[in-house]
There are 2 protein chains.
Amino acid sequence: METFDVTYRLVRDRRRAIREQVDALRYEQGVELPPETVPEAIRDRVVGTVEAVEEIGADRYRAVIRWPVDNLGGEIAALLNLLYGTVSLRPGIRVTGVEWGPLERAGVLRGPAGGIRAIRERFGIPGRALTATALKPLGESTAALAEQCREFAAGGIDVIKDDDGLFDQSTAPFEERVPACVEAVRAASAGGGRRARYFPHVTSDPARTVERYERAGELGADGVLVCPHIAGLPLLDRLARHPSPLPLMAHPSMSGALTAGADAGIAPALLYGQLWRALGADFVIFASPGGRFPMEEDECRALCEGARTTRLPFPRAFPTPAGGMQLDALDRHRERYGPDTVFLIGGSLRQHPGGLRTAAREFSEGVR
Amino acid sequence: METFDVTYRLVRDRRRAIREQVDALRYEQGVELPPETVPEAIRDRVVGTVEAVEEIGADRYRAVIRWPVDNLGGEIAALLNLLYGTVSLRPGIRVTGVEWGPLERAGVLRGPAGGIRAIRERFGIPGRALTATALKPLGESTAALAEQCREFAAGGIDVIKDDDGLFDQSTAPFEERVPACVEAVRAASAGGGRRARYFPHVTSDPARTVERYERAGELGADGVLVCPHIAGLPLLDRLARHPSPLPLMAHPSMSGALTAGADAGIAPALLYGQLWRALGADFVIFASPGGRFPMEEDECRALCEGARTTRLPFPRAFPTPAGGMQLDALDRHRERYGPDTVFLIGGSLRQHPGGLRTAAREFSEGVR
């Protein structure tokens, strides 16, 4: 029987033995029934087995549960339900690791359509890190956003993406904004130097997300931005499996409560670094230490390792640190992250006294 | 300018004045830029205004921000991003209230296709509470699940739903399970007494969720079960807006980390009671106090009030308490919840020494 391991971090409930807690967890995620009501054949075939339980700190335990791949019927939705379904309603349970190999072999997950290597080839950027920034804010006209594109592109930014707040508002509707920005980026890049790419934001309801994704391709966009925790995680895979796939940049909007704290949810390193990669993200945006959101250094290192390691059976994804990184701290960030990185700096470029193009040039010259 | 109010609960960050924190929040959710870089015209048109800030406890504040409806461009995805997008990555911010009227008037949200009144008519159950249970566990064959349907239906249960762990696994594939359970429920209900209804689970990737929803209707199912936090919240609205809508029962799988604790995420009363209703759920499943998941009495009361109140501009939804309620505590639960309720009891029926049919009969006789 093909199986895969899931690792959990548990807070000890002092009224019960830790082994009982692990059993409650595997019964909850396997069958959602009290153990004594589960027929033996099903217990052996469906309820996971406990592979390890070890103390890792004061009242903190690491537990490994081995699950049958057949529990999933090949579906991502079933995997999410098994990883963190109804146990999400219990306190003190955090998912920290998944064994991806069997899930890839079973065709449940396939990773990015491209990944670091394919995107470096497609964009013609062999060895260095990439620079990225965002068109904002909501409320600017299409003309103003296109003007931003020209400035950023002329300054040598590699990837110019829509802000996650840009949907289809009347100030810059999707069908007007995308061709205008594609054209602006192209014109500004024609003068030589680094060629910029434009990634519009396509998150909407599922049908319209797919529509906008396809329209983005038709209109000449170079990739798209999507918020999987708004659109739904299975949609990320759906986009990555499209017959004409565009590079997918995933944004963490609405994901924060799932990764906050240390004792519940899904570890950021696992969610952003590995699960998003497994679901098809070529670029994973996350809050960098040193920005305006909290992120631990260790977690950040593990996240980057998860996105880039060749030990996972998926194309590698670009860690895309963001969330208030400052232009004047770029050298420190380059040292922290290394070349297989996309640096996403937004607000800091706008605070530069020399204007957007000068700020963009400093940014792009700082990343070689 | 049409606006809507959003209420947040904030934990005071002692390094800053509370007013600064509220400003950071509205700039984050409005424009994601430092205030000094935002053009005045956009600040006035896009960044929300602070309508109230009051202390509600030790270092806890309630803040009301008034947002332009135009920020949303009519889209649910934009609403989710505005309510709890990148601020989800900051600690100490919890969304506790939304003013729905302007969102309904703008056509952003429309609520259930049916709601309590329409479902009472459709099912021919005028005044009493409803009983519900789940087919489980994963691993049982289609024949065994159909046999459970017969027992529950003969015992008088109103709604028999798939467990959220049943997707399209080979032990009971969707296309085999649904017609078998529809038929079993129909046959067992033909003898008179209460007529049971079957709700298959349709969560999958977006395209297949819609397909299964439509197949469920074609195959004669009476409603469906869906996990909006796996499928994606905007998909709930998409299903409710279907030209041939089926009653929608929403399940909280994977939502727990979003509502846990008191200082982050979205308040359970708001998420399950109001947002799910606004998105189109006819039935909102949540963890009842007295079960195996934590839930505060006050929060539970507010949740039920949100689902049922006529003050919201949407059809009313059935609170569907679940999560380990015991059959022998039914009287207490009936008193707690009143008649506009669907009681969902699963495991406890299976622990009954008299078998499923006897347990079901006790359950249904206890709810009149």
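This is a predicted model: local features need pLDDT of at least 70, side-chain atom pairs count only at pLDDT 80 or more; totals for chains, interfaces and linings use all residues.
Let's start at a loop in chain B. B:Pro137 sits between strand E5 (130-135) and helix H6 (142-154) of that chain.

Now chain A. The bond from A:Lys136 to A:Pro137 is cis, with omega near -5 degrees. A:Pro137 is found in the loop between strand E5 (130-135) and H6 of chain A.

A:Glu32 has a phi near 50 degrees. That is a positive value in a residue other than glycine. Where is A:Glu32? In the loop between helix H1 (18-30) and helix H2 (40-46) of chain A.

On to helix packing. Take H6 of chain A, residues 142-154, and H7 of chain A, residues 174-189. Their axes come within 8 Å and cross at roughly 25 degrees. Angles under 35 degrees count as roughly parallel, so H6(A) is roughly parallel to H7(A). The crossing of these two helices is right-handed.

Who touches whom? On the H6(A) side, the contact residues are A:Thr142, A:Leu145, A:Ala146, A:Cys149, A:Arg150, A:Ala153 and A:Ala154. On the H7(A) side, they include A:Glu176, A:Arg177, A:Ala180, A:Cys181 and A:Ala184. A:Val185, A:Ala188 and A:Ser189 of H7(A) take part as well. By class, the contact of H6(A) with H7(A) has ten nonpolar, two polar and three charged residues.

Next pair, also in chain A. Helix H12 spans residues 268-279, and helix H13 spans 297-308. Their axes come within 8 Å and cross at roughly 15 degrees. H12(A) and H13(A) are therefore roughly parallel to each other. H12(A) passes H13(A) in a right-handed crossing.

H12(A) brings A:Pro268, A:Ala269, A:Tyr272, A:Gly273, A:Gln274 and A:Arg277 to this contact. H13(A) brings A:Glu299, A:Ala302, A:Leu303, A:Gly306, A:Ala307 and A:Arg308.

A search of the whole structure turns up five cavities of 30 Å³ or more. The largest cavity has a volume of about 250 Å³. Its lining has 19 residues. Which of them are closest to its centre? A:His229, A:Met254, A:Leu258, B:His229 and B:Met254.

In chain A, helix H9 (228-231) and helix H11 (256-259) each supply at least two residues. In chain B, helix H9 (228-231) and helix H11 (256-259) each supply at least two as well. The lining of the largest cavity divides into 13 nonpolar residues, six polar and no charged.

To close, go back to the screen and find two spots.

How values were computed
Residues are numbered from 1 along each chain as its sequence is written. Chains are lettered from A and ligands numbered from 1 in the order in which they are written. Side-chain values use heavy atoms; hydrogens and water are left out. Axes are lines fitted to C-alpha atoms, for helices over the stretch in contact, and angles run from 0 to 180 degrees between N-to-C directions. Helices (H or I, at least four residues) and strands (E, at least two) are DSSP runs, numbered from the N terminus. Angles under 35 degrees count as roughly parallel, over 145 as roughly antiparallel, 65 to 115 as roughly perpendicular and the rest as oblique. A crossing is left-handed if the near helix is turned anticlockwise from the far one by less than a right angle, and right-handed if clockwise. Contact means heavy atoms within 4.5 Å. Ala, Val, Leu, Ile, Met, Phe, Trp, Tyr, Cys and Pro count as nonpolar, Asp, Glu, Lys and Arg as charged, and the others, Gly among them, as polar. On a 1 Å grid over the protein atoms alone, a cavity is a set of points where a 1.4 Å probe fits but cannot get out, and a pocket is an open set with protein on both sides within 12 Å along at least five of seven lines; lining residues have an atom within 4 Å of a point. Grid points are joined across faces, edges and corners, and a volume is the space filled by probe spheres set on the points.
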